[in-house]
Amino acid sequence: MRRLDERAEFFSRWLAEGRAAGMGWLAKSPEKRLDPRLIDPRLRSAIMLAWPYTPPRIPEFDWRAEMRGRIAAYALGPDYHDTVKARAIVVAEALAATRPGSVTRVYVDTGPVFEREWAANARLGWFGRNTNLLNRRHGSYFFLAEILTDAEFDAPDEPYREHCGTCRRCLDLCPTGALEEGYRLEPQLCISYLTIEHRGPIPRAMRPRLGAWIFGCDVCQEVCPWNADDATPVNEALAPSLVELLALDDDGFRRRFAKSAIRRTKRRGLLRNAAIALGNSGNPAAIAPLARALASEPEPLVREHAAWALGRFAESDARAALERARLREPDPDVAKEISLALDRTP
Ligand code: SF4
Ligand code: SF4
């Protein structure tokens, strides 16, 4: 319990420092997160489950030349909230069948639960410098699920000690410097936070640093020696076409991502990210799709980022697209971004 108390203190300090940023749900009812008996006074234990996944290999490609973005491996395929929860429910029902009238609640990355901390306490892994939970066998590629129950169990053994040793690869290779000494992460610098959880415009200073990432970021997991490459098959879906994404309308987005974790960004978030990556590509072939988005995209947030992206190009057609848009843009934020972009273009 000593270790959990330390993490609870860490979490309270983290919230007080405003690090939850746009993740307001983390600051909501923190006391319930720390003590599940406030969710339901009958609850006594948390059974922690880990569901490993093996990330496919990244296809070999020049993302700038092919204008392809990157998505985090966990987001491939059906949404893990649904698939992992379905499996956890099977376990919870088996437990409930042995104890008629018992209380169980199942969560997968939802609800006010302190899941990584409980998982560490249950010896599913230890906190690495990349702030992920690391397991000797599965590295950090696993989802967590928890069953809160009124059943009582013996207290778990002491948590694992850390096994990062002198390694600092994740700190040194994080593209944005989001990882800090002391096993801490600054969400407002983290590409995963910015591309998925952050609503509204991405801070301008961060846009070039997102590179090709459009949904999450796996760098601090890919470089971790505990995530050994299992020579899994390549999956092209890890690197979708940015031009195709930027052209998705509401129906197209729903059809493509209705059952995917990617729907969390909503269409406007994903297209915002695709526009940034197209600007970062530096490929002049990105100018035409960006110009189309600036001229006809209904979401101001997407037009705003298309304008920013066009401002990264020295080609005259990028400037012409911005000048045309300046004459008719009704949204003040987009108009401001167009002016800033025009100031940057030659
Ligand atoms: S997810 Fe990416 S940006 Fe965030 S800490 Fe890891 S490497 Fe850095
Ligand atoms: S990359 Fe190295 S320092 Fe970072 S979590 Fe993995 S083992 Fe620890």
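Two strands pair if DSSP finds at least two bridges between them; strands (E, at least two residues) and helices (H or I, at least four) are DSSP runs, numbered from the N terminus. We're working with a predicted model, where local features need pLDDT of at least 70, side-chain atom pairs count only at pLDDT 80 or more, and totals for chains, interfaces and linings use all residues. Residues are numbered from 1 along each chain as its sequence is written, with chains lettered from A and ligands numbered from 1 in the order in which they are written.

**Exercise 1.** Work out the strand order of the open sheet.

*Solution.* 
Step 1: start with β3 (residues 104-107), which is antiparallel to β6 and joined to it by four bridges. In that pair, T104 has T149 of β6 as its bridge partner, and V106 sits opposite I147.
Step 2: now take β1 (residues 45-52), which pairs antiparallel with β6 over eight bridges. Here A50 faces L144 of β6.

**Exercise 2.** Decide which residues come nearest to ligand 1, and sort its shell by type.

*Solution.* 
Step 1: list the 13 residues around ligand 1 (C-beta, placed from the backbone, within 6 Å). Nearest are C174, C190, C217, V219 and C220.
Step 2: check the helices; α8 (191-197) and α9 (219-222) each give at least two shell residues.
Step 3: sort the shell, and you get 10 nonpolar (Ala, Val, Leu, Ile, Met, Phe, Trp, Tyr, Cys, Pro), no charged (Asp, Glu, Lys, Arg) and three polar (the others, Gly among them).
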